[in-house]
Structures are given as structure tokens and as C-alpha cells.
Amino acid sequence: MSPTIHFVRHAESEHNVLPDGDNIHDPHLTAKGEGQARALSSTFTNMSQVVSVISSPMRRTIQTTLFGCGRAIQWNTRVVLLGDLQECSMRPSDVGSPPSALIAEFGDVIDTHLLSDNWFSEDASNSYGSRDQKRIAERARKARLYIRSVAKGLRDGDHVVVVTHSGFLRHLIHGAPKFKNAEVRACRFVDLAGTDDQAVIVEIPQ
């Protein structure tokens, strides 16, 4: 059995519920969202088998990851922040923060080595704020290739958690599924060995 990839949409964020919330820069989770994220730690049955945790570098995804996967992080690893997991708009709510600000807020439990200082800017990647579907699709392909590179180094039966955003999840997983806040879906790579340069990911039937 190859490694299982669990994709998670972030829990409820301020921009999901507040009037004009899209104008909040890099918002935090709401109190309800924090509760949703904490619930993951008890409802996610494979937590003890999680050996890698990867997150979008937005505050809401980092918070979801830390509240939901705290036990796995404590046991095994830091949270690797991957800029390619960013959402697909340049609204203030989808614009991230410098690595230095994230480290100051969350500490060294996060791993920012994959982030440039201006990873969140449109100049850093013209796909971050673009609605150009081809550019977004290419960014999703790059994200899948990175996740697959991690999965290749793991043992059969290991588990990986990836926390990202609703819009981008539709580009990551075959069939473009819609996720609710804090929803988790188990997936696998069609070709873990790596001959498929699209690194297609499909859901595991439940």
C-alpha cells in the first residue's frame, strides 16, 4: 500500500463569514474555525501514521495545520510551507505574509525554506493572483510534483497531510472536488513511481 495523501481545506476563516471579509489581509481563523481545526486532532484516525505535513503559507492554513495536526507535528516533523499551495486570487484575503512575519507569529514549528522573501507577491509568481486557468493548472502540477517527491521517500502505509484552499484543491485533485471548511479527503497518486509528469492524484474510494 503506497503512502496516503490527506488533503484538507482550511477551517472557517474570518474572510468566510465577515462582511467585506475578502478585504482582510491574510485573515486568521474564526473561533468556530479554531474549533473545527482542533476537532481534526481527534477525528483523524491516522494521526499516529502521519510523517509529513505540508501547508499553504497563509495564516488560516497554518493555524488549521497546527491545531489539527499538533500531535503529528510534535512526534515527527515541522510544517513545510509550500507557496504553490496558495489560493487563486489577489484579493487581500488571499495575499500572504513575509516568512519573517510568519516565523514571528508561529515560531520554528514552521519550515519556510521553500519560500522566497516575496513569495506572496504577483511578481514572485504570476500564477498567484491570476485567473488564467493554464497558469493555475501549471502551479497545481508543480505542487503535485513536490508532494509526490515527498511521498516517494516514504514507506508503504505512511500518511501525508496537505492543507490548502478550496479553489486550489479543484486544480490539485482529479475530478475537481469541492471541499467544505476543515473537510479531509484521502487520496493517492496514480503513478507514484514518477513517469507521469502530471502527477495525477485521485481520491481513494471510501
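Figure 1. Asp20 is exposed, with a relative accessible area of 58%. The model shown here and in the following views is predicted. Asp20 is found in the loop that runs between H1 and helix H2 (31–43). Its phi is near 60°, a positive value in a residue other than glycine. Asp26 also lies in the loop between H1 and H2. For Asp26, phi is near 40°, again positive in a residue other than glycine. Asp26 is buried, at a relative accessible area of 1%, because the cut-off for buried is under 20%.

**Figure 2. Surroundings of Ser13.** Ser13 is located in the loop between S1 and helix H1 (14–17). With 0% relative accessibility, Ser13 counts as buried. The side chains of Ser13 and His15 are joined by a polar contact of 3.0 Å. Apart from neighbours within four places in sequence, Ser13 is in contact with Pro27, His28, Leu29, Thr30 and Arg60.

**Figure 3. Helix H3 and its burial.** H3 spans residues 59–68, and eight of its 10 residues are buried, so the helix is largely enclosed by the rest of the structure. The buried residues of H3 are Arg59, Arg60, Thr61, Ile62, Gln63, Thr64, Thr65 and Gly68.

**Figure 4. Ser55 in strand S2.** Ser55 belongs to strand S2, which covers residues 50–55. Its relative accessibility is 0%, so Ser55 counts as buried. A polar contact (3.5 Å) links the side chain of Ser55 to that of Thr65. When neighbours within four places in sequence are left aside, the residues in contact with Ser55 are Thr61, Ile62, Thr65, Val79, Val80, Leu81, Leu82, Leu85 and Val163.

**Figure 5. Ile110 in strand S4.** Ile110 is placed in strand S4 (residues 110–111). It counts as buried, at 1% relative accessibility. Ile110 and Thr77 are separated by 33 residues in sequence, and their C-alpha atoms are 9.3 Å apart in space. Leaving aside neighbours within four places in sequence, Ile110 is in contact with Ile62, Arg78, Val79, Leu81, Leu102 and Ile103.

Figure 6. In soluble globular proteins, nonpolar side chains tend to be buried together. The largest nonpolar core in this model has 23 residues, of which Phe7 and Leu172 touch the most other members. At least two residues of this core come from each of strand S1 (4–9), helix H6 (133–152), strand S5 (159–164), helix H7 (166–172) and strand S6 (184–189). H6 supplies the largest share, six residues. Beyond its neighbours within four places in sequence, Leu172 is in contact with Phe7, Leu85, Ala140, Ala143, Arg144, Thr164 and Ile201.

**Figure 7. The largest cavity and its lining.** One cavity of 30 Å³ or more is found in a search of the whole structure. The volume of the largest cavity is about 50 Å³. Its lining consists of Val8, Leu40, Phe44, Met47, Gly68, Cys69, Val161 and Val184. By class, seven of the lining residues are nonpolar, one is polar and none is charged.

Methods: Residues numbered from 1 in each chain as written. Predicted model: local features only at pLDDT ≥ 70, side-chain atom pairs only at ≥ 80, totals over all residues. Heavy atoms only, no water. 1 Å grid on protein atoms, 1.4 Å probe; cavity = no way out; pocket = protein on both sides within 12 Å on 5 of 7 lines; lining within 4 Å. Points joined across faces, edges and corners; volume = space filled by probe spheres on them. Nonpolar A, V, L, I, M, F, W, Y, C, P; charged D, E, K, R; others polar. Helix = DSSP H or I, 4+ residues; strand = E, 2+ residues; numbered from the N terminus. Buried < 20%, exposed > 50% of the residue type's maximum accessible area, 1.4 Å probe, protein only. Polar contact = N/O pair within 3.5 Å; in protein donor to acceptor, adjacent residues only side chain to side chain. Contact = heavy atoms within 4.5 Å. Core = buried A, V, L, I, M, F, W, Y, C linked by side-chain atoms within 4.5 Å.
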